Amino acid sequence: MNPPKQDNGKSVLVVFTGPSGAGKSSIIEKLKQDYPDRIGFSVSHTTRSPRPGEQNGVEYHFVSEEKFKDMIEKNEFIEYANVHGRYYGTSLQAIDSVLNRGQLCVLDVDVQGCRSIRQRNMNAVIIFISPPSLSELESRLRCRKTESEADLRKRLEDAQGEMKTCEESNLYDLIIVNDVLDRAYNEARTFIAEYLSEERSKTKTLASDIKL
Ligand code: GDP
Ligand code: ADP
Ligand code: 5GP
């Protein structure tokens, strides 16, 4: 399947979305390993606490709710949302720092963030990562051991509504079922191959070009 063509020659944002535990981070990690120079990750801001091993400025910028609200007031986010009871947002700066390096910008945002991205007509391809089933999602989240029981329940509850968004037309460009990780990864990589080419990277869109 070919990705939608860009008619203005500008580079795109590649957005991964889907329920917590679906495998977005695993797929993004593989992309970063395979294309360390070509791909950059948009580091979101969040008010959730870091998990063991997570570093400030790498997986997220971990900030207080006060700081996050201050950034909202200052219009520093291209999108933000309350996800599973915490704030998450993509700053203009996070995207620009990737695009300024001439890299393809990969984002991991929730389904509400995807709606904002669509509404603002950003130059984005959106890939929904789906678990094979809700029971498999639960066992993956349990194996990951990163959430308390209450947080895990909240994520599973939210997953049901998030899965329903797959039925909406025009929200997602591609839906990938993450049954076997390598297979799902190859599907994602094939889809975005066009955007990984050298030629693509020479034209760039800065976040400041994005209509807010
Ligand atoms: P995970 O999905 O289990 O890996 O948990 P995370 O805490 O990393 O992410 C929680 C949710 O927030 C996910 O649905 C992410 O896609 C979403 N998310 C992360 N960063 C952003 C962001 O900048 N904007 C929006 N809208 N959502 C985000
Ligand atoms: P997300 O970023 O969408 O929350 P993760 O990438 O953290 O999801 O994946 C959730 C958990 O499931 C992780 O522990 C990961 O190692 C595991 N996982 C991811 N894909 C698969 C798969 N295809 N089969 C089995 N386990 C997987
Ligand atoms: P986690 O807490 O497990 O890291 O992330 C939970 C959810 O937050 C995931 O669905 C992830 O995609 C989403 N998320 C992460 N960063 C952002 C962001 O900047 N904006 C939005 N809207 N969602 C985000």
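Which pocket is the space taken by ligand 3? It is the largest pocket. The model is a predicted one, and the tour begins at this ligand.

Select ligand 3 and show its surroundings. Two elements give two or more residues to the shell around ligand 3: strand E5 (77–83) and strand E6 (86–91). The shell holds 18 residues, and those that come nearest are Arg48, Arg51, Tyr88, Asp108 and Arg155.

Next, select arginine 48. One of its polar side-chain atoms lies 2.4 Å from an oxygen atom of ligand 3. Move on to glycine 89, where a polar backbone atom is 3.2 Å from an oxygen atom of ligand 3. Then pick aspartate 110: an N or O atom in its side chain is 2.6 Å from a nitrogen atom of ligand 3. Now show the surface of the ligand. Ligand 3 taken alone exposes 500 Å², and the protein buries 96% of that.

Is glutamine 103 buried or exposed? Its relative accessibility is 12%, so glutamine 103 counts as buried, the cut-off for buried being under 20%.

Show the side chain of arginine 101 as well: the side chain of glutamine 103 makes a polar contact with it, at 2.9 Å. Finally, display the residues in contact with glutamine 103, leaving aside neighbours within four places in sequence. They are Pro36, Asp37, Arg38, Ile39, Gly40 and Val98.

Terms used
Residues numbered from 1 in each chain as written. Chains lettered and ligands numbered in written order. Predicted model: local features only at pLDDT ≥ 70, side-chain atom pairs only at ≥ 80, totals over all residues. Heavy atoms only, no water. Buried < 20%, exposed > 50% of the residue type's maximum accessible area, 1.4 Å probe, protein only. Polar contact = N/O pair within 3.5 Å; in protein donor to acceptor, adjacent residues only side chain to side chain. Contact = heavy atoms within 4.5 Å. Near = heavy atom within 4 Å. Areas by Shrake-Rupley, 256 points an atom, 1.4 Å probe, with all protein chains shown as cover. 1 Å grid on protein atoms, 1.4 Å probe; cavity = no way out; pocket = protein on both sides within 12 Å on 5 of 7 lines; lining within 4 Å. Sits in = over half its atoms within 2 Å of the grid points. Helix = DSSP H or I, 4+ residues; strand = E, 2+ residues; numbered from the N terminus.
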